[in-house]
Amino acid sequence: MKSDFHTFRGYQLLIQQQQALTPSMEDYLEMIYRNCVKEGHVRMNQLADQLNVRSSSVTKIVQKLAELDFLIYRPYGIIQLTEKGTTMGKFLLQRHNMLKDFLEKLGLTGTLLQDTEMLEHHVSLELLKTIGIFLLFLESQPAFLQAFTEFRQTLPKATPAIDLDN
């Protein structure tokens with residue numbers, strides 16, 4: 001099985017590429033990557049629907065991503081990723097999936113997508129790597145995860161882990 005991890009230098013290269021991207025641009029690039037993996041391309045209206053934004057917003061961001069050499073875009077045509085865009089899109093999707101998996105293992109359900117989306121733009125690579133290592137640990141020690149899950153189920157629903165009133 002291919003690992004989601006990179007070398008230290010690989011993470012450095014991803015940071016350098018990522019510095020030019022806003023969280024919104026990351027969301028677009030991740031969604032474009034998801035579509036390109038399945039279909040090889042994506043259309044503007046499809047992207048607008050998937051991200052719940054207006055077509056004019058899509059056009060602005062797609063043009064910026066094209067200027068940064070993450071994708072190939074021709075007005076009224078399809079959007080395709082460059083090699084640079086594919087590399088970054090893959091990283092963004094792996095980051096998303098890793099954080100989602102981590103939050104699921106913690107038992108988060110109701111706000112899983114929202115929390116994943118909020119976290120993914122503000123997590124350091126060091127924390128991401130640490131979470132990845134912890135997920136590997138959980139895979140190698142299923143009894144640990146089972147014990148945690150059972151412990152969570154014994155707690156009353158109203159038991160806060162932290163005092164939110166102070």
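Predicted model: local features only at pLDDT ≥ 70, side-chain atom pairs only at ≥ 80, totals over all residues.

Me: Is threonine 116 buried or exposed?

Reply: Threonine 116 lies in helix α6, which covers residues 112-120, and it touches His96, Leu99, Lys100 and Leu103, leaving aside residues up to four places away in sequence. Its relative accessible area is 0%, and since buried means under 20%, threonine 116 counts as buried.

Me: How are α5 and α6 oriented to each other?

Reply: Helix α5, made up of residues 83-106, packs against α6 at an angle of about 130°, with the axes 9 Å apart. Angles over 145 degrees would count as roughly antiparallel, and 65 to 115 as roughly perpendicular, so α5 is described, relative to α6, as oblique.

Me: Which residues of α6 does α5 meet?

Reply: From the side of α5, the residues taking part are Arg95, His96, Leu99, Lys100, Leu103 and Glu104. Their partners in α6 are Leu112, Leu113, Asp115, Thr116, Glu117, Leu119 and Glu120.

Me: What kind of aromatic pair do phenylalanine 137 and phenylalanine 144 form?

Reply: The structure holds four aromatic pairs, and ring pairs link Phe102, Phe134, Phe137 and Phe144 into a cluster. In the pair of phenylalanine 137 and phenylalanine 144, the centres are 5.3 Å apart and the planes are at 70°. Because planes over 60 degrees apart count this way, the pair is edge-to-face.

Me: Which ring does the charged end of lysine 84 sit over?

Reply: The charged end of lysine 84 is 4.6 Å from the centre of the ring in question. That ring belongs to phenylalanine 70.

Terms used
Residues numbered from 1 in each chain as written. Heavy atoms only, no water. Phe/Tyr/Trp six-rings, centres within 6.5 Å; stacked < 30°, edge-to-face > 60°. Lys NZ or Arg CZ within 6 Å of the ring centre and 35° of its normal. Helix = DSSP H or I, 4+ residues; strand = E, 2+ residues; numbered from the N terminus. Buried < 20%, exposed > 50% of the residue type's maximum accessible area, 1.4 Å probe, protein only. Contact = heavy atoms within 4.5 Å. Axes fitted to C-alpha atoms, helices over the stretch in contact; angles between N-to-C directions. Parallel < 35°, antiparallel > 145°, perpendicular 65-115°, else oblique.
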